[in-house]
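Here are my notes on this one, in the order I'd go through them. Have a look at the model first, then read on.

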Amino acid sequence: MNLFFASNIGIIGGADGPTAVFVSGSLSVWFWVGVGIAAAAIVSLFVYWFKKRK
């Protein structure tokens with residue numbers, strides 16, 4: 001089970017025409033939660049480092 005990326009693949013083929021492959025995907029909510037937590041951690045480290053430096 002992949003919590004970070006959801007995707008679908010559909011194949012449509014006909015005897016009298018070309019075969020089409022449709023691919024769709026989207027990032028999951030949990031991916032953006034992880035990105036937000038990582039960004040908050042990086043920002044807090046920079047703030048801590050900047051305040052300690054002064």
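1. Surface first. The protein chain exposes about 5000 Å², and carbon and sulfur atoms supply 71% of that area. Accessible areas here come from the Shrake-Rupley method with a 1.4 Å probe, and for residues only the protein chains shown count as cover.

2. Ground rules. This is a predicted model, where local features need pLDDT of at least 70 and side-chain atom pairs count only at pLDDT 80 or more, while totals for chains, interfaces and linings use all residues. Residues are numbered from 1 along each chain as its sequence is written, and side-chain values use heavy atoms, with hydrogens and water left out.

3. Confidence. The protein chain averages a pLDDT (the predictor's confidence in each residue, from 0 to 100) of 78, and 78% of the residues score at least 70. Confidence is highest in helix α1 (residues 29-53), at a mean of 89, and lowest in β1, at 71.

4. Layout. You'll find 1 helix and 2 strands in the protein chain, in the order β-β-α from the N terminus. Helices (H or I, at least four residues) and strands (E, at least two) are DSSP runs, numbered from the N terminus.

5. Of the 54 residues in the protein chain, 2% are buried; buried means under 20% relative accessible area, exposed over 50%, and partly exposed in between (1.4 Å probe, protein chains only). Among contacts (heavy atoms within 4.5 Å) with a separation of 6 or more, 16% join residues 24 or more positions apart.

6. The nonpolar patch. Ile9, Ile11, Val21 and Val23 make a nonpolar surface patch of about 450 Å². The elements giving two or more residues to this patch are β1 (5-14) and β2 (17-27).

7. Ile11. Isoleucine 11 sits in strand β1 and counts as exposed because its relative accessible area is 63%. Leaving out residues up to four places away in sequence, isoleucine 11 touches Thr19, Ala20 and Val21. Valine 23 is 12 residues from isoleucine 11 in sequence and 8.8 Å away in space, C-alpha to C-alpha.

Note on methods: Patches are made of residues with over 30% relative accessible area and no salt bridge: like charges are joined within 9 Å, nonpolar side chains (Val, Leu, Ile, Met, Phe, Trp, Tyr) within 5 Å. A salt bridge is a side-chain nitrogen of Lys or Arg within 4 Å of a carboxyl oxygen of Asp or Glu.
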